[in-house]
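Me: Hi! I'd like to chat through this one with you. Can you walk me through what you see?

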Amino acid sequence: MRSIPTARSCPFDPPDELGRAREAAPISRFSFPDGHLGWIATGHAAVRTVLTDPRFSHRADLVRPTLAMARVEIPEVLPGMFTRLDPPEHTKYRKLLTSEFTLRRANELAPRIEQIAESLLDGMERQGPSVDLLRSYALPLPSLLMCEVLGLPYAEHDRFQHDSDTLFDLSASEEDTVASWLSMIDFLTTAIKVKHERPGDDVLSRLVAGGELDDGELVTVVMILLMAGHETTSNTLTLGVFALLEHPEQLAALRADPSLVDNAVEELLRYLTVSHIGPVRTAVEDVEVAGTLVKAGESVTMSLAAANRDPLRFPNPDVLDLTRSAAGHVAFGGGVHLCTGLQLARVELRIGLTALLRRFPTLRLAVPAAEVPRRETMVVYGTHSLPVTWDVG
């Protein structure tokens, strides 16, 4: 395989080519854009091995790009880019963030998440009976929450959401990408300056007060948290609602038994897996993966979406079943780079789905499913919009 396919024949399934690759072998040859011959892991066990084995590195100076994403002169490693570091350098940042994104902290935020959800649903009712669910609900819910958690001004959400979309868009021009990069840095640099002068009760203020990170590191750390925190959750929520509307028997089961929602969230994460490109690791010594020898210096890109549809791990994996145990899915990655905010994402998805389905029992698509525009050129998969409608009165 010479490039990771992004087009999907079904809006909820991984690209067909990835499924065929997994059926042929759990790990197979892959030609990286720089000409390096490496591997692509599509089997669940193979992906878990690469994610968790410390002999695979995430260091930016070792990892090959999955796509021709280095189309602009943006540094590979910035101060504070903990997602491109290995322990022990990575550990410093992880320790600072772990206490901010625990399950206990996520549950403490649940009442505020419910308030935000209900307020947005009130707005949908006033605007309705037809809205774009993404822009009216699924995007502002995690975006507003992340701004409050991090201590960033939500009043500038149009700006940073535009910049985030551009930076995640593989088809964006070099000019637009650089402009969004500089805009995001300016936005966060200003926010950090404010925290130095007027700290509050938020993650950024506590990081500033702790003094362990300089302002350059803070910009990068908060950028990662902000972009990942609202992009993945908003697209999972939007695509999850889309999938439920297209699987009415599953939607009916969830409506009949709202206590199923936690299990439903895990199954939707497995079934949809919005992070459809990467991650990538490089072997620092020879490692055997699923019976295949990966030599030192060779990179392995992974398809989390294909791994989560592996029939050797999940029976009937292409069936959406909200009652199945989806434990062990890799939608949040794994190993030392397991998603920092996974507990918060789970709570947001649980509350977001529950509140929406309770408020709008007749919710349905406002356009044919084939007309829903997909984010196939984006690093994070989903839809560009989700037109929905409901009965009034």
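Me: Which residues have the most contacts inside the largest nonpolar core?
Reply: Met-124, Tyr-137, Leu-152, Val-241 and Leu-356 have the most contacts there, and the core has 98 residues. A nonpolar core here is a set of buried Ala, Val, Leu, Ile, Met, Phe, Trp, Tyr and Cys residues joined through side-chain atoms within 4.5 Å. Buried means under 20% relative accessible area, exposed is over 50%, and partly exposed is in between (1.4 Å probe, protein chains only).

Me: And which helix gives the most to this core?
Reply: That is helix H11 (residues 215-246), with 16 residues. Helices (H or I, at least four residues) and strands (E, at least two) are DSSP runs, numbered from the N terminus.

Me: Before I go on, what kind of model is this?
Reply: It is a predicted model, where local features need pLDDT of at least 70, side-chain atom pairs count only at pLDDT 80 or more, and totals for chains, interfaces and linings use all residues. Residues are numbered from 1 along each chain as its sequence is written, and side-chain values use heavy atoms, with hydrogens and water left out.

Me: Good to know. Back to Leu-152: what is it in contact with, leaving aside neighbours within four places in sequence?
Reply: Leu-152 is in contact with Cys-147, Phe-187, Leu-188, Ala-191, Leu-204, Val-222 and Leu-226. Contact means heavy atoms within 4.5 Å.

Me: What about another core, apart from the largest one?
Reply: Another core, of 17 residues, lies apart from it, and its members include Ala-41, Val-47, Val-289 and Val-300.

Me: Switching to the sheet: what is the strand order?
Reply: The order is S1-S2-S8-S5-S3, in an open sheet of 5 strands with mixed pairing. Two strands pair if DSSP finds at least two bridges between them. Strand S1 (27-31) and strand S3 (56-57) are the edge strands, each pairing on one side only.

Me: Which helix packs on the sheet?
Reply: Helix H2 (residues 44-52) does, touching strand S2 (37-41), S3, S5 and strand S8 (299-302). The direction of H2 makes about 125° with that of S8. For such angles, axes are lines fitted to C-alpha atoms, for helices over the stretch in contact, and the angles run from 0 to 180 degrees between N-to-C directions.

Me: How does S5 pair with S3, parallel or antiparallel?
Reply: S3 and strand S5 (residues 280-283) pair in the antiparallel sense over 2 bridges. Phe-56 has Ala-283 as its bridge partner in S5, while Ser-57 has Thr-282. S5 and S8 also run antiparallel, joined by 3 bridges, and Arg-281 has Val-300 as its bridge partner in S8.

Me: Are the residues on the faces of S5 buried or exposed?
Reply: Buried, on both faces: Val-280 and Thr-282 on one side, Arg-281 and Ala-283 on the other.

Me: Now charges. How many salt bridges does the structure hold?
Reply: It holds 26 salt bridges, each being a side-chain nitrogen of Lys or Arg within 4 Å of a carboxyl oxygen of Asp or Glu. One of them joins Asp-122 and Arg-359, at 2.9 Å from N to O. Asp-122 lies in helix H5 (residues 110-127) and Arg-359 in helix H15 (residues 342-359), so the pair ties together parts 237 residues apart in sequence.

Me: What about Arg-346, which residue does it form a salt bridge with?
Reply: Glu-266, with the closest N and O atoms 2.7 Å apart. That pair links helix H15 to helix H13 (residues 261-272), 80 residues apart. Arg-346 is partly exposed at 24% relative accessible area, whereas Glu-266 counts as buried at 17%.
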